[in-house]
Structure formats: structure tokens, C-alpha cells
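Subject: Structure handover

Hello,

Here is the structure for your files. My notes on it follow below.

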Amino acid sequence: MEKAKRSLELTDDESEAVSRLTVPPHQAGAGPSFYEYFSLRGIRVDRVEPGLVVCTFKVPPHLSDRSGRLANGAIANLVDEVGGAVVHVEGLPMNVSVDMCISFMSTAKLHDELEITSRVLGQRGGYSGTIVLMRNKVRDQSGI
């Protein structure tokens, strides 16, 4: 545990650089937040229909782990965002409770192009069930 703590400690130079950062408060509806910009930058919406959203996303360096693969947290975030987008109604607040189950069948590497498909499975009252499938466009076509 001590080794992990030491690896997360900032040097004096890093601490000084962070203290100089200016992060203005984000106003809802005034463009993307830092979080959205960092985690969703590069996602392209290819198709939208009632109950269906299809996106393309190229794995960027800032969301990959040390081995050059799309980080598990980034995968969970993309599943959450695209899964929520398929049930979002413009102009209505997104009051949600999330229960996710993610199965990892293979990895995505840096610069791989992914297709992310989100479908509504059903709705009952205020609950919407969705399924999100992420597939690697190149590897799935080549059979690798």
C-alpha cells in the first residue's frame, strides 16, 4: 500500500503546475464539461433511431492503460454514457439509477476503432433496460 501511495504523490514541480491550473465552473447546457470533453472526445454518433444509438470511437492514448489497451474504467464510462443516451429525452432531466453488468470478451488497443451500439430492451414505469455492445471493427471483420 505504501508503494501505491508513493507512486501517486506529486513532486514539488507537479504540485506547483497543478496549483496554477484554472478550471472555471461549468454551467449546465453551456457546452461540454471537462469530464465530457476528456472521456467522450472523439466519439462519433453514426445513427440515432427510437430505441437505438450507434456510435464509433477510436481508442485514444488518454483512455488507455499502461499496456496500451482501453482502460476498464473508460469502457464502463462509455457503456454508461451510450446506454443512457438511448433513453435520454431532450429537455427532460436525467434522473437515473444505474445497475451495470459488463462482460469483457476481448481487449481494444490504442487506436482501434470501436462500434458502440445501444438498444432499449424495454421500459416499465421509470425504468429503462438497455444493452450496449462494443465491438472492434477491424478485429471482428478480420476474424482475429
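Is Tyr37 buried, partly exposed or exposed? Tyr37 is partly exposed, because its relative accessible area is 44%, and the cut-offs are under 20% for buried and over 50% for exposed. This residue sits in helix H3, which covers residues 34–40. Its side chain makes a polar contact with the side chain of Arg41, at 3.0 Å. Please keep in mind throughout that this is a predicted model.

Overall layout

The protein chain has 5 helices and 4 strands. Along the sequence they come in the pattern α-α-α-β-β-α-β-β-α. Taken along the principal axes, the box filled by the C-alpha atoms is roughly 50 × 45 × 30 Å. The chain has 144 residues, and buried residues make up 24% of them. Its accessible surface comes to about 11000 Å², with 54% of that belonging to carbon and sulfur atoms. Among contacts with a separation of 6 or more, 58% are between residues 24 or more positions apart.

Salt bridges

The whole structure contains 5 salt bridges.

Arg20 is exposed, because its relative accessible area of 55% is over the 50% cut-off. Glu16 counts as partly exposed, at 46% relative accessibility.

Another salt bridge is formed by the side chains of Arg47 and Glu49, at 2.8 Å from N to O. Both ends count as partly exposed: Arg47 has a relative accessibility of 43%, and Glu49 has 37%.

Arg135 and Glu115 also meet through their side chains in a salt bridge, at 3.1 Å from N to O. Arg135 belongs to strand E4 (residues 127–136) and Glu115 to strand E3 (residues 113–124), so this pair ties together parts that are 20 residues apart in sequence. Arg135 is partly exposed, with a relative accessible area of 24%.

Helix H4

Helix H4 runs over residues 72–85 and has 14 residues. From its first C-alpha to its last it reaches 20 Å, close to the 20 Å expected at 1.5 Å a residue. Its buried residues are Ala74, Ile75, Asn77, Leu78, Val79, Val82, Gly83 and Gly84. An α-helix has 3.6 residues a turn, so residues three or four places apart point the same way. In H4, the buried positions include Ala74, Leu78 and Val82. What covers the buried residues of this helix includes H3, strand E2 (52–58), E3 and E4.

The loop between H4 and E3 contains His111. The phi angle of His111 is near 75°, a positive value in a residue other than glycine.

Where does Thr56 lie? Thr56 is in strand E2. It is buried, because its relative accessible area is 2%, and the cut-off for buried is under 20%. Leaving aside residues up to four places away in sequence, Thr56 touches Gly42, Ile43, Arg44, Asp46, Glu113, Leu114 and Lys137.

Thr117 is placed in strand E3. This residue counts as buried, at 15% relative accessibility. With residues up to four places away in sequence again not counted, Thr117 touches Leu52, Val53, Val54, Ile131, Val132 and Leu133.

Nonpolar surface patch

Which residues form a nonpolar patch on the surface? The patch consists of Leu10, Val18, Leu21 and Val23, which together have about 420 Å² of accessible area. Val18 is in helix H2 (residues 12–19). Val18 is partly exposed, with a relative accessible area of 47%.

Regards

Terms used
Residues are numbered from 1 along each chain as its sequence is written. This is a predicted model: local features need pLDDT of at least 70, side-chain atom pairs count only at pLDDT 80 or more; totals for chains, interfaces and linings use all residues. Side-chain values use heavy atoms; hydrogens and water are left out. Helices (H or I, at least four residues) and strands (E, at least two) are DSSP runs, numbered from the N terminus. Buried means under 20% relative accessible area, exposed over 50%, partly exposed in between (1.4 Å probe, protein chains only). A polar contact is a pair of N or O atoms within 3.5 Å; within protein, one must be able to donate a hydrogen and the other to accept it, and residues adjacent in sequence count only if both atoms are side-chain atoms. A salt bridge is a side-chain nitrogen of Lys or Arg within 4 Å of a carboxyl oxygen of Asp or Glu. Patches are made of residues with over 30% relative accessible area and no salt bridge: like charges are joined within 9 Å, nonpolar side chains (Val, Leu, Ile, Met, Phe, Trp, Tyr) within 5 Å. Accessible areas come from the Shrake-Rupley method with a 1.4 Å probe; for residues, only the protein chains shown count as cover. Contact means heavy atoms within 4.5 Å. The expected span of a helix is 1.5 Å times one less than its number of residues.
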